[in-house]
Amino acid sequence: MPSKTKDCSSSKRLRVAFAGTPEFAAVSLEALISQQEALNIDIVAVYTQPDRKAGRGQKLSASAVKQVALAHDIAVEQPLTFKKSSSEGLIARETLRSYQPDVMIVAAYGLILPIGVLTTPTYGCLNIHASLLPRWRGAAPIHRALLAGDSETGITIMQMDKGLDTGDMIYKISAPIEADDTAASLHDKMAELGATAIITVLKDLPHYQAQAVPQDDSQANYAEKLVKTEGEINWTQSATEIERQIRGLTPWPGAYTFLAGQRVKILASLPVNLSQQTNQPAGTVISVGRKAILVACGKDADTKQADTKLDSKVESLEPSASTLAITELQFAGGKPMTAEQICHGNQLNDGDQFTTDSK
């Protein structure tokens with residue numbers, strides 16, 4: 001455990017190392033840079049992943065965090081590892097010690113920090129995690145919250161230990177998940193909330209660390225890293241599940257289906273209306289309208305309850321299938337199109353069948 005006896009509220013400025021890579025982390029870094037004087041801190045070094053090849057030209061590209069650091073003339077370190085079993089890892093550890101950090105702030109860094117690194121700063125390493133821990137531990141907490149239909153999420157500032165997002169929680173702040181939130185919109189909200197949270201903690205770090213709360217491991221779920229194949233829609237699932245899939249996987253990897261062997265991206269849909277039911281086979285295009293394209297899905301867990309409300313005398317033991325109202329999609333090789341644009345064309349017709357097979 002890091003020492004908590006040092007008084008960081010004194011006139012001595014807190015030496016901060018920052019470790020992160022994508023835009024989510026860059027938002028917090030920008031906020032900390034702008035608040036250095038108010039927080040009485042100095043950001044002495046920024047750690048980020050090595051430059052990667054990106055784009056069609058496969059040119060080396062600096063991470064979002066590196067770009068922010070360079071713009072503010074902050075030292076950038078990009079070690080491949082901190083493992084003491086390698087000479088590079090030993091050098092990386094020694095370099096970190098040379099910065100004499102009081103605390104390291106970590107946000108979506110993407111590199112494992114061994115215990116020897118976690119204990120180097122006086123106050124240890126604090127992680128900005130985009131979940132109300134222990135709800136979602138792991139790489140994709142924002143996406144998994146949407147896919148699971150969670151009504152809220154938030155940011156946890158966690159004292160890092162050797163486990164995967166298992167450390168004590170020192171600060172939490174929640175936010176509702178709106179009906180129209182996608183992984184992209186929720187990411188942006190969490191990035192801003194993460195910046196707010198870490199600034200709050202650094203205003204009185206010893207106070208928050210003294211109130212650290214252990215996580216309840218029995219409530220934890222693993223937020224696995226996304227894979228492309230998760231985007232393929234299984235139309236026998238309920239409309240509710242598919243609608244979550246579309247929002248939870250936007251913009252990447254994106255939800256998709258097949259029409260006559262060609263891939264079709266499903267970009268957006270309306271919230272599920274449980275009163276709209278059908279007896280058509282799953283994946284059938286029921287109607288191509290100007291406002292939405294109605295598609296048959298599987299049975300929804302809530303449709304039985306909806307049927308019962310419609311007819312209180314006769315409970316439907318075999319409820320009709322749910323439907324999904326698609327508002328935007330993209331055919332292979334084409335541009336994104338709204339339902340109205342599709343309605344005026346001839347690429348999709350009533351009775352067409354979306355499938356889960358490309359052949």
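S61 is found in strand 4, which covers residues 59-61. The model described here is a predicted one. With a relative accessibility of 32%, S61 counts as partly exposed, because that class lies between the 20% limit for buried and the 50% limit for exposed. Apart from its neighbours within four places in sequence, S61 is in contact with D51, R52 and A54. P50 is eleven residues from S61 along the chain, and the C-alpha atoms of the two are separated by 9.0 Å.

### Aromatic pairs

Searching the whole structure gives four aromatic pairs. One of them is formed by Y47 and F82, with 5.9 Å from centre to centre and 40° between the planes, and this pair is tilted. Y47 belongs to strand 2 (residues 41-47), while F82 is in the loop between strand 5 (76-77) and helix 4 (87-98), so the pair ties together parts that are 35 residues apart in sequence. Are these two residues buried or exposed? Y47 is buried, at 1% relative accessible area, and F82 also counts as buried, at 1% relative accessibility.

A further pair joins W235 and F354: the ring centres are 5.6 Å apart and the planes meet at 15°, so this pair is stacked. W235 sits in the loop between strand 11 (221-223) and helix 9, and F354 in strand 19 (residues 354-355), so parts that are 119 residues apart in sequence are tied together by the pair. W235 and F354 are both buried.

The two pairs are set out below.

| Pair | Centre to centre | Angle between planes | Kind |
|---|---|---|---|
| Y47 and F82 | 5.9 Å | 40° | tilted |
| W235 and F354 | 5.6 Å | 15° | stacked |

### Helix 9 and what covers it

Helix 9 spans residues 239-248 and is mostly covered, with eight of its ten residues buried. Which residues of helix 9 are buried? They are A239, T240, I242, E243, Q245, I246, R247 and G248.

### A charge over a ring

Another ring, that of Y256, has a charged group over it. The group is the charged end of R263, which sits 3.9 Å from the centre of the Y256 ring.

Terms used. Residues are numbered from 1 along each chain as its sequence is written. This is a predicted model: local features need pLDDT of at least 70, side-chain atom pairs count only at pLDDT 80 or more; totals for chains, interfaces and linings use all residues. Side-chain values use heavy atoms; hydrogens and water are left out. Buried means under 20% relative accessible area, exposed over 50%, partly exposed in between (1.4 Å probe, protein chains only). Helices (H or I, at least four residues) and strands (E, at least two) are DSSP runs, numbered from the N terminus. Contact means heavy atoms within 4.5 Å. Rings of Phe, Tyr and Trp (its six-membered ring) pair if their centres lie within 6.5 Å; planes under 30 degrees apart count as stacked, over 60 as edge-to-face and the rest as tilted. A charge sits over a ring if NZ of Lys or CZ of Arg is within 6 Å of the ring centre and within 35 degrees of the ring normal.
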